Amino acid sequence: MYLNNHSFYSLRYGTLSVEALVGQAKSFGIQALALTDINNTMGMVDFVRECRRQGIKPIAGVEFRNQDQLLYVGIARSNTGFRELNEMLTKHNLDDSPYPEEAPEMKDVFMIYPAGSRKYGQLKENEFLGVRLSQVSKLLSSDLRFKQEKLVLMQPVTFRDEEDRYIHQNLCAVAHNELLSRMDPSAFAAVDEFMLPPDRLRAAFVLYPGLLKTTEWLVAECELDFDFSTIKNKKTFTGNAADDRDLLHKLAYDGLQYRYGSDDMRARRRVEEELAIIDKLGFSAYFLITWDVIRYSMSRGFYHVGRGSGANSVVAYCLRITDVDPIELDLYFERFLNPKRSSPPDFDIDYSWKERDEVIDYIFKRYGNRHTALLGTISTFRGKSIYRELGKVHGLPKAEIDELVSNPGKFYNLNKITRHIHELAQHIVDFPNQRSIHAGGILISEEPITNYVALDMPPKGFLTTQWDMYVSEDLVYEKLDILSQRGIGHIKEAADIIKANRRITVDIHQVQQFKEDPKVKDQLRRAETNGCFYIESPAMRGLLRKLRCDNYLTLVAASSIIRPGVAKSGMMREYIHRFHHPESFQYLHPVMQEQLSETYGVMVYQEDVLKVCHHFAGLDLADADVLRRIMSGKKRKQNEFEEIVGRFFENCKARAYPDSVTKEVWRQIESFAGYSFSKAHSASYAVESFQSLYLKAHYPLEFQVAVINNFGGFYHTWVYFNEARRQGGYIHLPCVNNSQYLTSLQDTTIYIGFVHIAGLEERLARHVVEERKKHGNYQGLHDFIDRVKPCIEQIVILIRSGAFAFTGQPKSGLLWEAHLYRKKSKTVEKPSLLFKEQARRYQLPQLDSEPVEDAYDEIELLGFPVSMTDFDLLITKFRGEVQAETMLDHVGQRKRMLGKLVTIKYVKTVRGELMHFGTFVDHRGELFDTVHFPPSLKQYPFQGAGMYLLLGKIVEEFGYPMLEVEKMARMPMRKDPRES
């Protein structure tokens, strides 16, 4: 009876979750139910699972609409019909075209048009007219009452009750970006679109038994089910499972020789064990496909980092998917793959942001378009976005919306409307809002992915599933994560710049050498890590100094204990203390000493959670991994979590552990597991950090330019230019004769790239470089104007940025010339200009140029001064009583320091009060850190970017100094001459 039901996956329209929709049907004794969301099938897998659970027959369908116009409802007769519907949706998503008013021919799909939209004679064999409850009375006077074999009962369901209907209307207004009061009523669902008991529907259509019979026949004809137990990925790489197994064995043993040599029996045993599990679970093709992607990218000269749980596998290491040795780090393979793991594993492969799309393009072309897709994600209505959307719908002024969004808990009580919005918000929180793209997940499927879902075509240009990774896991897909990362980009670019600037080829894969390099170890110990992947943030710099870190294993640990859970639980400080004083503490339990001696009894990695749950509480490794995944937010089954937690405490009790010990161990697990890294993940990050450190230690200017050109570090760009200057580089203003589009290096001179000039058009900037390459340097301003033909606004920007400083003329004079010069270049090819016409020279008065004015131009256009420093622009000559380098000599003393604000970290105390950690740079270019506790911060808050005088006590923890700020003031700067 119910052939037209909407869940909340009818985005910004439906109000019922899949569970609520099926649950209501169950309560009414409905035995078959169709899900027909609008123009998508994103909820179908969840719907089929829930129907199975509730004992209801699921039917798949789609409601096709162009904007608010309902065209027809397609009902899949079978899984084949479901694929036909998905193919139709996919085609129109690809074309971005409207749906046809007449449904296309489909072999295994019933098409139902709204009664009154088509004539009986127009209907094909598989087409019907759907009659709603509200239309029964009209049948009495219609010829259709004699054609009941083409009529079906189609009572739409969109909401549960009248309250839900109002929520639906709000969602529609959000979808239309319109005031609720101005919405056209036709955009809303009809008032009767809620579920009724089937007997009541039958009673309403008692005069039309033929219609009921047709409806029952159609429902009986439909059958849909999904297999939730077998892997859906491409089954073979070679075309044959046995050949896959043989090839994987061959590659693994070849890689074993490459990685470990021929005599390492421990590594050989580990490879044999892993290959047995991989073969048993049917993942040989998955490993080979990943190897194939790596093989392709390496053949193109692309650099990759394999990380995440995949780095626990020695086979992956031997295939060069990862560069982390699991045996060296004692990594658990069960963290990556185990016989009880209900969801398949995934590899995380990072590429440079410049090269990632080429790798993805290869995967799509290699494995086929309908068989390959990016994973989608579903963003939900959450937090502040709800208040902004509902505020617009209810006509709140922008100021009130901003106030409400800034602090909903505080401002929802402003007036009657804000209170009403707050109440509405509670109803739609976690409703699906929009479809988007997963950060990097890719599915490579044996069957066409349209067997399971329709595909979108986002601006990215690659087909994308309408459902998310959780649904893909339910269907037993294993995703391959192809991710982009700026850190890889700057490592590769640094190597390219070194080759161009110094004629030296650096092999950035020689990580073992980097780990033992004295310059690298010294730089790491001193936390000279500006620009280095993952280890440049103030918190990480501080941790490295506290640990006096100078080796790979300590850096691996640091990469994990910096995570929020460890710090919040107090275990980060405890780890540092135990690291320096290993004799000063007692292990919580002998098992903790046995399993966690490497990390001084502190759970540092996700693997440590597995070890403790397994060896301390007696959970098997597979259950321990399930627990870790649930606590990391990767599973949605609360009952499964509660069962395993129950076993944890029961096992501990059976082992006669004191309750206090069990509770403390559990507290540490609970506070830690949701934020921690796997050891493999931390190790992968540490490898990349060492590559960055090596480049920075030996080729600092090339490295820094690469960081600047990848635009993805922790700090603002000016901080990296400051670091380049600190490393001995000379920073040159943009120059039309020397600068490239990106920043470039000539010997030790760094020319700022045109990309950094605010307001300069990219097209013009690239043309400047191309024209110079073709026809040589520009002789002066007139020559530049003749050849490039820029508009006056762009000329002014270039002059003010210092790009014509090579002429020796002041900027003021150049600006006059640019405006006076009106000679047009002849429209002939440059090589044919045998005789250049002499440009007219203008007699200009003597024009003064002030360095301070130039500096303010640079701040406006580049974001920072180049010709002088920010400190030169201060009114005061005072530079602080103490500089960053000498802070440790003044521990415990109250001192004044002067610095330019670099970054602020916002933190809340246990009392919920706001405090800050600040980072500044002193007049010598050195970084120093500050802490601002709530009392000081309330009295002396930050006042935006700029120069600050700071008074406070210098404190120290494990050899790492900070200024504990008591008072703070933003310093006045010299007046901008341009304002007068």
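The structure is a predicted model, in which local features need pLDDT of at least 70 and side-chain atom pairs count only at pLDDT 80 or more, while totals for chains, interfaces and linings use all residues. Residues are numbered from 1 along each chain as its sequence is written, and side-chain values use heavy atoms, with hydrogens and water left out.

In soluble globular proteins, nonpolar side chains tend to be buried together. A nonpolar core is here a set of buried Ala, Val, Leu, Ile, Met, Phe, Trp, Tyr and Cys residues joined through side-chain atoms within 4.5 Å, where buried means under 20% relative accessible area, exposed over 50% and partly exposed in between, with a 1.4 Å probe and protein chains only. The largest such core has 140 residues, and the members that touch the most others are L33, F226, F287, I363, W467 and I482. Helix 10, covering residues 284-299, gives the most to this core, with eight residues; helices (H or I, at least four residues) and strands (E, at least two) are DSSP runs, numbered from the N terminus. Apart from this core lies another, of 100 residues, which includes M572, V705, Y778 and A818.

Once its neighbours within four places in sequence are left aside, W467 is in contact (heavy atoms within 4.5 Å) with M42, V45, L375, G376, L443, Y452, V453, S472, L475 and Y477.

The cysteines can be taken next. With a disulfide defined as a pair of cysteine sulfur atoms within 2.5 Å, the count comes to zero disulfides. C51, for instance, is in no disulfide, and the nearest cysteine sulfur, that of C222, is 13 Å away. C51 is buried, with a relative accessible area of 0%, and C318, at 5% relative accessibility, also counts as buried.

Next come the helix pairs. Two packed helices are described by the angle between their axes and the distance between the axes. Axes are lines fitted to C-alpha atoms, for helices over the stretch in contact, and angles run from 0 to 180 degrees between N-to-C directions. Angles under 35 degrees count as roughly parallel, over 145 as roughly antiparallel, 65 to 115 as roughly perpendicular and the rest as oblique. A crossing is left-handed if the near helix is turned anticlockwise from the far one by less than a right angle, and right-handed if clockwise.

Helix 22 (residues 552-561) packs against helix 30 (residues 679-698) at an angle of about 120 degrees, with the axes 8 Å apart, and that angle makes helix 22 oblique to helix 30. Their crossing is right-handed, and the contact is made by Y552, L555, V556, S559 and S560 of helix 22 together with K679, S682, A683, A686, V687, S689 and F690 of helix 30.

Helix 22 also packs with helix 21, at an angle of about 135 degrees and with the axes 10 Å apart, and these two helices are therefore oblique to each other. The crossing of helix 21 and helix 22 is right-handed, with M540, L543, L544 and L547 of helix 21 meeting T554, L555, A558, S559 and I561 of helix 22.

Helix 30 has a further partner in helix 18, and the two pack at an angle of about 30 degrees, with their axes 10 Å apart, which makes helix 18 roughly parallel to helix 30. The crossing of helix 18 and helix 30 is left-handed. Here G487, I488, H490, I491, A494, I498 and R502 in helix 18 meet E688, Q691, S692, L695 and H698 in helix 30.

R503 lies in the loop between helix 18 (486-502) and helix 19 (511-516); its phi is near 60 degrees, a positive value in a residue other than glycine, and at 68% relative accessibility R503 counts as exposed. R12, in the segment before helix 1 (18-27), likewise has a phi near 60 degrees, but at 17% relative accessibility R12 counts as buried.

E528 is found in the loop between helix 20 (518-525) and helix 21 (538-547), and at 15% relative accessibility E528 counts as buried. V602, placed in the loop between helix 25 (590-596) and helix 26 (606-616), is buried, with a relative accessible area of 0%. V602 and Q668 are 66 residues apart in sequence, yet 8.7 Å apart in space, C-alpha to C-alpha.
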